[in-house]
Amino acid sequence: MVAASAAALFAAVLGLEGPVPPVRAAEASVACGVTGPPEYYSFPLVSTKRVPGSGQATGLGELTFAPSPFGFALSPEGNYRYRVSLTVDRLAPPATGVYVVWVTTPSLDRIELAGAFDDRHAMDVEVDFNKFLVVITLEDAYDPEAAVWSGPIVLRGMSRSGMMHTMAGHGPFEQENCAAYGY
Amino acid sequence: MRPTVTDRARRGRFPIIGFLATLALTVPAGAAAQGDMAHGDTLSGGWRMPPMNPAMPVLPGLGGAVPPVAAFLPGVGVDLSSLPEAQPSSVVEMADGDTLDVTISLVRREILGRDYAMYGYNGQYPGPLIRADRGSTFVVRVTNEIELPSTVHWHGVRIDNRFDGVPGVTQDPIGTGESFTYEVRVPDAGMFWYHPHTREDVQQDLGLYGNLLVSSPDPGYFGPAHREEVMVLDDILMDDQGMIPWGLEAPTHALMGRFGTVMLVNGLTDYRLEVRRGEVVRFYLTNVANTRTFNLRFPGARMKIVASDMGKFEREEWVGSVPIAPAERYVVDVRFDRAGETTILNSIQAVDHFRGEFYPQVDTLGTVSVSEELAETMVSRGFETLRENADVQADINGFRKHFDRPPDHELEATLRVRNLPLSIVRTMEIDTLYVPPMEWNDAMPMMNWLSTGTQVTWILRDRATGDENGDIDWTFDVGDVVKIRIFNNPDAFHPMHHPIHVHGQRYLVLERDGVPNPNLVWKDTAVVPVGSTVDILVEMSNPGEWMMHCHIAEHLHAGMMLSFEVRGEAN
């Protein structure tokens, strides 16, 4: 009962109308016991089903911060610096050519070649775009000088940050004219 | 004077409740801001809405809304011209056994050409820079002359518990006209700081902060540098008519903390430094802002990270910028190789939630003027070496056996809200499609301003028991090494990063999201980003009743704190 009275005093001091029932252990988030990349920022890699042997493929991008003495990593300009761990399952080896990984901004104005997928279909990529797409393509050969892909897209995924979009026309701003804001 | 705490029995198993009882401001009648701000934009109750991007529409139904608490400004009714003009910080060298008298008082400060009533320690901004040798003990007699009760917390110092400055836990608040005497023992070298622990969202914001620099007896503790400079980073919320009032009964800005609109370095809007070409300057950085995390950079200059809160890193590293959260300290060596003027910047990627976009935001914090004259070259060359700190590694080696064991306690950071306007709730629900790991700017000034400590409860929840904040009841013994896992739940109503501060002890950040920390340093405050799981290892070396809390001032005063006891005698 000591805890209950403490909670009541806590609520009273904070100006609440009454004690707010705490969530007990069994109701609390179940994610706490796991350490690893935050599930919240993970994103799926989705097959285009355009390339033979990739129709059943599924993949995942998982974000942790790049190494930094500060606990989270930033570029001098303030962009997050992520280490993105990519893994793909049920992707058949290419009959010819090589799978190549690219990272790009959503508007495709900046495209970076990340490298060729190894046989494990796994790769770590460092990214300092705040919103980004991961694109895996099938290329005839790996060209480290390539500026953009030329083969078909096998899988693609979008960072969680890509889900942040304008509120114009949505929710409490549903009466706002999207066009007035350039959308 | 020995510290006393009235009604100790009231504290029982939950001493932090005593602290909570001190949160609401107790001020004389008339101290509230009503009637003090007779201008066109004044809303009901003396409120004025903080500046916001004019391109962003006001939330429907919230036009004219004000926080459900009274507005507070300091020194209401006081003739500004009668207040002493605040002076820049002075350096006070404290030898073992010395005594310093500190008065907390109203001062007159000019910011951007306008005078304000603010607070100062000994009439200074920041407060006096206290310098002491590691291992010494000095005395500080504090007298409070402002209208609010106050205390002094010696942030990061493994101080005798009686002098930790937590009202209701280690001492009674120092009322107006009252005094309290602190004995400050400094067992660690490093840059520490002092500030109130009563409504610091108000008092600290108004100027009550100062540094305590504790030197190592080892003359080679740091590498070579030509000089040392202190930079205290802060911001303050103003519009073209002056300071936006603070909440009287509870803080405003409870969701994200009170972001300022004017950047301050050492209390100045025009910080300047003159150096010679090739000069290596050791900067001691402290972030005293309520909630803003800075990303500090010196464009065109080379910089290496040397130390943090409570000592040196295991090894020095080159860095391009210094992200520094509230209450953190970093020590960086910077070499200025190019003659001319360079600006000190805060460079962030801000978020525009309405447009759903990141955008670059750059604030100029100050200017460094680099002369053509060459600095002494031996020191400049010594800067090229990145030092491995064997003394730090040897100290930490004694704790490595604890690194891989399961956590002793697991905390979850989250929040509850009640009675927020519906349009805020609806907007937040959409907004959580994506929440950034860190909040760098006040992307929703009106919603944030309207949320108060009466509507928002920030929570540290013990995963094993479900206990929250003041109900958490941890007890340790001196000599225990305790692993605490902190998970910042991204599925909360409005998740946000938290700089977590542990009083009276030191800790290592072992790993983040399963990735081991390759370069350890003793900390007292470290950030837990949204969605992240951070393991810290706390050395329980200092007996007493201590706090652990988020150092975003508004989160602290919206409940995000716990206390723990360390039993036994000090080593």
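A residue is buried if 20 or more other C-beta atoms lie within 10 Å of its own, exposed if 12 or fewer, and partly exposed in between, with C-beta atoms placed from the backbone. By that count, Asn122(B) is partly exposed, with 19 other C-beta atoms within 10 Å. The model is predicted, and local features need pLDDT of at least 70, side-chain atom pairs count only at pLDDT 80 or more, and totals for chains, interfaces and linings use all residues. Residues are numbered from 1 along each chain as its sequence is written, while chains are lettered from A and ligands numbered from 1 in the order in which they are written.

**Chain A**

- Chain A has one helix and eight strands; helices (H or I, at least four residues) and strands (E, at least two) are DSSP runs, numbered from the N terminus.
- The order of elements in chain A, from the N terminus on, is α-β-β-β-β-β-β-β-β.
- Chain A has 183 residues, of which 33% count as buried.
- Of the contacts in chain A between residues at least 6 apart in sequence, 58% join residues at least 24 apart; two residues are in contact if their C-beta atoms, placed from the backbone, lie within 7 Å.

**Five-stranded sheet in chain B**

- Five strands of chain B form an open sheet in the order 3-7-12-11-9, with mixed pairing; two strands pair if DSSP finds at least two bridges between them.
- Strand 3 (91-94) and strand 9 (153-155) of chain B are at the edges with a single partner strand each, so one side of each lacks a neighbour in the sheet.
- On average, neighbouring strands of this sheet are turned by 25° against each other, direction ignored; axes are lines fitted to C-alpha atoms, for helices over the stretch in contact, and angles run from 0 to 180 degrees between N-to-C directions.
- Strand 7 (residues 129-133) and strand 12 (residues 210-215) of chain B run parallel and are joined by four bridges, and Ile130(B) stands opposite Leu212(B) in strand 12.

**Six-stranded sheet in chain B**

- An open sheet of six strands in chain B has the order 17-13-19-24-21-22, and its pairing is mixed.
- Its edges are strand 17 (262-265) and strand 22 (311-318) of chain B, each with a single partner strand, so one side of each is left without a neighbour in the sheet.
- Strand 21 (residues 302-308) of chain B runs antiparallel to strand 22, with four bridges between them; Ala307(B) has Lys312(B) in strand 22 as its bridge partner.

**Strand 32 of chain B**

- Six of the seven residues of strand 32 (residues 506-512) are buried, so this strand is largely enclosed by the rest of the structure.
- Strand 32 pairs with strand 35 (residues 533-539) of chain B in the antiparallel sense over six bridges, and Arg506(B) has Glu539(B) as its bridge partner.
- Strands 32 and 33 of chain B form a hairpin with two residues between them, and Asp513(B) in the turn has a positive phi of about 55°.

**Backbone geometry in loops of chain B**

- Most residues other than glycine have a negative phi, and most peptide bonds are trans.
- Asn122(B), in the loop between strand 5 (114-121) and strand 6, has a positive phi of about 55°.
- Asn469(B) has a positive phi near 45° and counts as buried, with 27 C-beta neighbours inside 10 Å.
- The peptide bond from Tyr125(B) to Pro126(B) is cis, with omega near -15°.
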